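Reader: I'd like to go through this model and ask what stands behind the labels. Can you set the values against the cut-offs as we go?

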Amino acid sequence: RVSEIRALMLARGRTAAVWRVGPSATPKGLAERLVALGMEAESEEDTVILVLTEPPGAGPSPFDVRLVSTFDQHLAAIEVGNQGFEFSAEEAADERRRARDTFESEQASGTSARLVAFEGARPVATGRAFFSPFGLYLVGGATLPSDRRRGAMTAIVARAWEEAVRRKTPTLATLGGKLAAPTLKRIGFVPVGRVRHLVDRIPES
């Protein structure tokens, strides 16, 4: 199975992949078996699985959070992500190069949506929500370094909650590291487990 995934990634021009191994993963000892196949821990700490089933504790916000519906908004989300995640010039250029394809694919599938927090006309934070019958799964949260700790990500969570309620699936789930988890807990998320992240650097030959 690992060989199949590696072949798929190489066919798409990718030479690395991240495997997330949660508490219900099978077979038993899966993470250790993947490490034995050459994968490495992405960081020294696992991430926490967090779930929100009540309205988030978010007060008034100066941010206007929108679900991406135009290509310009999609580009804005990408640029915020490039800066927020401090991507290398090569990684940022790759995100921009694939922007049209990712926009059209996401809009056509209807299985997810990117969210962007604007302050006036200026985008400052972004995240992505995947839709399911059980709730929304939030990933890819990023804020411009100059605008961190101002509540932009909390505003994105609040908007995602509104969308979850609109879809009649009032639950949000996400992963939080040592920086994000405390903030998420403060607005109502509850930890329910941990996930290990393993990087697979795929040989091209």
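Reader: Where does T169 sit, and what makes it buried or exposed?

Author: This is a predicted model, and in it T169 belongs to the loop between α6 and β8. The cut-off for buried is under 20% relative accessible area. T169 comes out at 10%, so it is buried. Setting aside neighbours within four places in sequence, its contacts are S132, P133, F134, G135, L136 and A164.

Reader: What makes β8 a partner of β3 and of β7?

Author: Pairing takes at least two bridges between the strands. Between β3 (residues 47–52) and β8 there are five bridges, in the antiparallel sense, so the pair qualifies. One example is V48, which stands opposite G176 of β8. From β7 the chain crosses through helix α6 (residues 152–166) to β8, a right-handed β-α-β crossover.

Reader: Why is that crossover called right-handed?

Author: Because, with the strands pointing away from the viewer, a path running clockwise from the first strand over the helix to the second gets that name. The crossover from β7 through α6 to β8 is of that hand.

Reader: Which residues of β8 are on its covered face, and which on its uncovered one?

Author: L172, T174 and G176 form the covered face of β8 (residues 172–176), while A173 and L175 form the uncovered one. In a regular strand, side chains alternate between the two faces of the sheet.

Reader: How do you know that α3 has the span expected of a helix?

Author: The expected span is 1.5 Å times one less than the number of residues. α3 (residues 71–84) has 14 residues and reaches 20 Å from first C-alpha to last, close to the 20 Å expected. Its buried residues are Q73, H74, A76, A77, I78, V80, G81, N82 and G84. They pack against several elements, among them β4 (64–67), α4 (89–97) and β5 (112–119).

Reader: What makes E86 and R149 stand out in their backbone?

Author: Most residues other than glycine have a negative phi. E86, which comes after α3, has a positive phi near 55° without being a glycine. R149 isn't a glycine either, and its phi is positive, about 65°. E86 lies in the loop between α3 and α4, whereas R149 is in the loop between β7 and α6.

Reader: Why are E86 and R149 called exposed?

Author: Exposed means over 50% relative accessible area. E86 has 60%, so it is exposed, and R149 has 85%, so it is exposed as well.

Reader: What makes the bond between T26 and P27 a cis peptide bond?

Author: Its omega, which is about 0°. P27 is in the loop between β1 (16–21) and α2 (30–36). Most peptide bonds are trans.

Reader: How do you know that the whole chain is as compact as a globular protein of its length?

Author: The chain has seven helices and nine strands. Its radius of gyration is 18 Å, close to the 17 Å from the globule rule for 205 residues, so it is as compact as a globular protein of that length. The C-alpha trace spans about 50 × 35 × 30 Å along its principal axes. Of the 205 residues, 38% count as buried. Among contacts with a separation of 6 or more, 71% are between residues 24 or more positions apart.

Definitions and conventions: Residues numbered from 1 in each chain as written. Predicted model: local features only at pLDDT ≥ 70, side-chain atom pairs only at ≥ 80, totals over all residues. Heavy atoms only, no water. Helix = DSSP H or I, 4+ residues; strand = E, 2+ residues; numbered from the N terminus. Buried < 20%, exposed > 50% of the residue type's maximum accessible area, 1.4 Å probe, protein only. Contact = heavy atoms within 4.5 Å. Rg over C-alpha atoms; globule rule 2.2 N^0.38 Å.
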